[in-house]
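Follow along with the coordinates open.

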Amino acid sequence: MAKKSNWNDDYWLYVMQLYMRRPIGVKPLYAKAAVDLSIELHVHPREIRERQRQIEAISTPRIEKIWDEYGDNPRKLSRAVRLLRSMNGFGSAEEFYDGVEVTESFEVEFRPFNASGLTPVALVIILDLYYRLTPQTMVAETPEVVETARLLGQPAATVAHVLRLFLVCDPFITRVTCDEADPLLPHCRKVWKKYGNADTDNLAQKAEELKDYYK
């Protein structure tokens, strides 16, 4: 769990509601519902998962009390969560927090950086695909490209375009050029800098975890 946390004890009800969503249990690290809650609360997905595990183990008297009150009454839990959300900023959160600086970290990884809907985490998944293909197969017609595009909700041509940009980023590939003004290029370079020289097994594991967000 992260050393610095924005955790508030009111959040236990949010996390319990997430845990109780079918199928009941601890959700994958980057399941969309888990990430959406993480972004809403500004609490890292890893902490949200750890809190779910504590709920599953009923690890503290506080959790036991919450479980006794809400475990068999999902409607009551939903009402309690709705009430908490309505109280956020006294029902006017945007106005209440206007001018207050919110420090974001992981949130930006899931935020689209252009109208295409592509995000940094989508680029990580495409980078993993990059290492599974040869340059000749980095085209829209390749089945793996089509499959990745379908998962991300993107045209296959877009995924192929990103793969070509990664070719430009790869220092071991020569004679591949692109328009330096391409708005996706800086984002691809940023992802390449972070993951391009990392262990490909670790990248593959990260990509597999991130795929849960799109399922």
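Ser-38 sits in helix H2, which spans residues 32-41; helices here are DSSP runs of H or I with at least four residues, strands are E runs of at least two, and both are numbered from the N terminus. The model is predicted, so local features need pLDDT of at least 70 and side-chain atom pairs count only at pLDDT 80 or more, while totals for chains, interfaces and linings use all residues. Residues are numbered from 1 along each chain as its sequence is written, and side-chain values use heavy atoms, with hydrogens and water left out.

Is Ser-38 buried or exposed? Ser-38 has a relative accessible area of 0% and is therefore buried (buried is under 20% relative accessible area, exposed over 50%, partly exposed in between, with a 1.4 Å probe and protein chains only). Residues up to four places away in sequence aside, Ser-38 touches Val-43, His-44, Pro-45, Ile-48 and Phe-106, where contact means heavy atoms within 4.5 Å.

Helix H1 (residues 11-20) is mostly covered, with nine of its ten residues buried. These are Tyr-11, Trp-12, Leu-13, Tyr-14, Val-15, Met-16, Leu-18, Tyr-19 and Met-20. The cover over them includes H2, helix H3 (45-57), helix H4 (61-70) and helix H5 (74-87).

His-42, in the loop between H2 and H3, is not a glycine, yet has a positive phi of about 60°. With 26% relative accessibility, His-42 counts as partly exposed. Ile-58 belongs to the loop between H3 and H4 and also has a positive phi, near 45°, in a residue other than glycine. Its relative accessible area is 36%, so Ile-58 is partly exposed.

Further along the chain come the helix pairs. Two packed helices are described by the angle between their axes and the distance between the axes. Here axes are lines fitted to C-alpha atoms, for helices over the stretch in contact, and angles run from 0 to 180 degrees between N-to-C directions. Helix H7 (residues 120-130) packs on helix H9 (residues 156-169) at an angle of about 70°, and the axes are 10 Å apart. H7 and H9 are therefore roughly perpendicular to each other (under 35 degrees counts as roughly parallel, over 145 as roughly antiparallel, 65 to 115 as roughly perpendicular and the rest as oblique). Their crossing is right-handed, that is, the near helix is turned clockwise from the far one by less than a right angle. H7 brings Leu-123, Ile-126, Leu-127, Leu-129 and Tyr-130 to the contact, and H9 brings Val-159, Val-162, Leu-163, Phe-166 and Leu-167. By class, the residues of this contact are ten nonpolar, no polar and no charged (Ala, Val, Leu, Ile, Met, Phe, Trp, Tyr, Cys and Pro count as nonpolar, Asp, Glu, Lys and Arg as charged, and the others, Gly among them, as polar).

H9 also packs on H8, at an angle of about 110° with the axes 8 Å apart. That makes H8 roughly perpendicular to H9. The contact joins Val-145, Val-146, Thr-148 and Ala-149 of H8 to Ala-156, Val-159, Ala-160 and Leu-163 of H9, and its residues are seven nonpolar, one polar and no charged.

With H10, the axis of H9 comes within 9 Å and crosses at roughly 60°. H9 and H10 are therefore oblique to each other, and the crossing is right-handed. The residues involved are Val-162, Leu-165, Phe-166 and Cys-169 of H9 and Leu-185, Cys-188, Arg-189, Val-191 and Trp-192 of H10. They divide into eight nonpolar, no polar and one charged.

The largest nonpolar core has 36 residues, and those with the most contacts inside it are Ile-126, Leu-127, Tyr-130, Val-162, Leu-163 and Phe-166 (a nonpolar core is a set of buried Ala, Val, Leu, Ile, Met, Phe, Trp, Tyr and Cys residues joined through side-chain atoms within 4.5 Å). Two or more residues come from each of H7, helix H8 (143-152), H9, helix H10 (185-196) and helix H11 (200-211), and H7 gives the most, with nine. Apart from this core lies another, of 24 residues, among them Tyr-11, Leu-13, Met-20 and Ile-48.
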